[in-house]
Amino acid sequence: MPNNILLSCIKGTCEKHITTHYPVCKQFNIQALQGYNQDDKNKMWVFINACRMRCKELEALHDSGELTSLAQINYSDITP
(Lines give C-alpha, C1' and ligand atoms only; values in the text may rest on other atoms or scores of the structure.)
Protein backbone atom coordinates (compact mmCIF):
# COMPACT_ATOMS: atom_id res chain seq x y z
CA MET A 1 0.00 0.00 0.00
CA PRO A 2 1.41 3.44 -0.89
CA ASN A 3 2.88 5.29 2.06
CA ASN A 4 0.80 8.45 1.63
CA ILE A 5 -2.45 6.43 1.72
CA LEU A 6 -1.44 4.62 4.90
CA LEU A 7 -0.41 7.89 6.54
CA SER A 8 -3.72 9.50 5.56
CA CYS A 9 -5.58 6.55 7.07
CA ILE A 10 -3.69 6.92 10.35
CA LYS A 11 -4.71 10.57 10.66
CA GLY A 12 -8.22 10.12 9.27
CA THR A 13 -9.00 7.24 11.60
CA CYS A 14 -7.80 9.29 14.56
CA GLU A 15 -10.00 12.24 13.58
CA LYS A 16 -13.01 9.98 13.04
CA HIS A 17 -12.52 8.31 16.43
CA ILE A 18 -12.34 11.70 18.18
CA THR A 19 -15.33 13.20 16.39
CA THR A 20 -17.42 10.07 16.91
CA HIS A 21 -17.24 10.70 20.65
CA TYR A 22 -16.85 14.47 20.55
CA PRO A 23 -18.32 16.11 17.42
CA VAL A 24 -16.76 19.51 16.74
CA CYS A 25 -19.82 21.41 18.02
CA LYS A 26 -19.67 19.46 21.29
CA GLN A 27 -15.95 20.17 21.59
CA PHE A 28 -16.66 23.91 21.25
CA ASN A 29 -19.42 23.78 23.87
CA ILE A 30 -17.31 21.82 26.33
CA GLN A 31 -14.32 24.13 25.77
CA ALA A 32 -16.54 27.16 26.47
CA LEU A 33 -18.17 25.35 29.43
CA GLN A 34 -21.59 25.92 27.89
CA GLY A 35 -23.70 23.26 29.57
CA TYR A 36 -20.61 21.38 30.72
CA ASN A 37 -18.24 21.65 33.67
CA GLN A 38 -14.47 21.57 34.11
CA ASP A 39 -14.50 17.79 34.72
CA ASP A 40 -16.17 17.30 31.32
CA LYS A 41 -13.52 19.52 29.73
CA ASN A 42 -10.67 17.62 31.41
CA LYS A 43 -12.15 14.25 30.39
CA MET A 44 -12.46 15.40 26.78
CA TRP A 45 -8.86 16.62 26.63
CA VAL A 46 -7.50 13.43 28.19
CA PHE A 47 -9.33 11.44 25.51
CA ILE A 48 -8.24 13.70 22.62
CA ASN A 49 -4.63 13.74 23.79
CA ALA A 50 -4.60 9.94 24.11
CA CYS A 51 -5.84 9.69 20.51
CA ARG A 52 -3.19 12.16 19.36
CA MET A 53 -0.49 10.18 21.17
CA ARG A 54 -1.63 6.96 19.47
CA CYS A 55 -1.60 8.76 16.12
CA LYS A 56 2.01 9.87 16.70
CA GLU A 57 2.99 6.32 17.72
CA LEU A 58 1.41 4.91 14.56
CA GLU A 59 3.13 7.57 12.44
CA ALA A 60 6.47 6.59 14.00
CA LEU A 61 5.78 2.92 13.21
CA HIS A 62 4.88 3.96 9.66
CA ASP A 63 8.09 5.97 9.29
CA SER A 64 10.18 3.04 10.55
CA GLY A 65 8.49 0.65 8.12
CA GLU A 66 6.87 -1.45 10.86
CA LEU A 67 3.32 -0.39 10.00
CA THR A 68 2.34 -2.00 6.73
CA SER A 69 -1.38 -2.73 6.98
CA LEU A 70 -4.63 -0.88 7.64
CA ALA A 71 -5.45 -3.60 10.18
CA GLN A 72 -2.71 -2.21 12.43
CA ILE A 73 -4.48 1.18 12.72
CA ASN A 74 -6.65 0.89 15.80
CA TYR A 75 -8.00 3.41 18.30
CA SER A 76 -10.86 1.32 19.69
CA ASP A 77 -9.22 0.78 23.08
CA ILE A 78 -9.16 4.55 23.72
CA THR A 79 -12.48 5.57 25.25
CA PRO A 80 -13.71 8.78 26.85
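Modeller: The chain exposes about 5,200 Å², of which carbon and sulfur atoms supply 53%; accessible areas here come from the Shrake-Rupley method with a 1.4 Å probe, and for residues only the protein chains shown count as cover. The model is predicted, so local features need pLDDT of at least 70 and side-chain atom pairs pLDDT 80 or more, whereas totals for chains, interfaces and linings use all residues. Residues are numbered from 1 along each chain as its sequence is written, and side-chain values use heavy atoms, with hydrogens and water left out.

Of the 80 residues, 28% count as buried (under 20% relative accessible area; exposed is over 50% and partly exposed lies in between, with a 1.4 Å probe and protein chains only). The fold consists of three helices and zero strands, in the order α-α-α from the N terminus; helices are DSSP runs of H or I with at least four residues, strands are runs of E with at least two, and both are numbered from the N terminus. The C-alpha trace spans about 45 × 15 × 15 Å along its principal axes. Among contacts (heavy atoms within 4.5 Å) between residues at least 6 apart in sequence, 61% join residues at least 24 apart.

Turning to the part requested, the structure holds one aromatic pair. The ring centres of Tyr 22 and Phe 47 are 5.6 Å apart and their planes meet at 50°, so the pair is tilted. For rings of Phe, Tyr and Trp (its six-membered ring), pairing requires centres within 6.5 Å; planes under 30 degrees apart are stacked, those over 60 edge-to-face, and the rest tilted. The pair links distant parts of the chain, 25 residues apart: Tyr 22 sits in the loop between helix H1 (3–21) and H2, and Phe 47 in helix H3. Tyr 22 is buried at 5% relative accessible area, and Phe 47 is buried at 2%.

Tyr 36 is partly exposed, with 30% relative accessibility. Not counting residues up to four places away in sequence, Tyr 36 touches Lys 26, Asn 29 and Ile 30. Tyr 36 and Lys 26 are ten residues apart in sequence, with C-alpha atoms 9.7 Å apart. Leu 33 has a positive phi, near 55°, although this residue is not glycine; Leu 33 is partly exposed at 37%.
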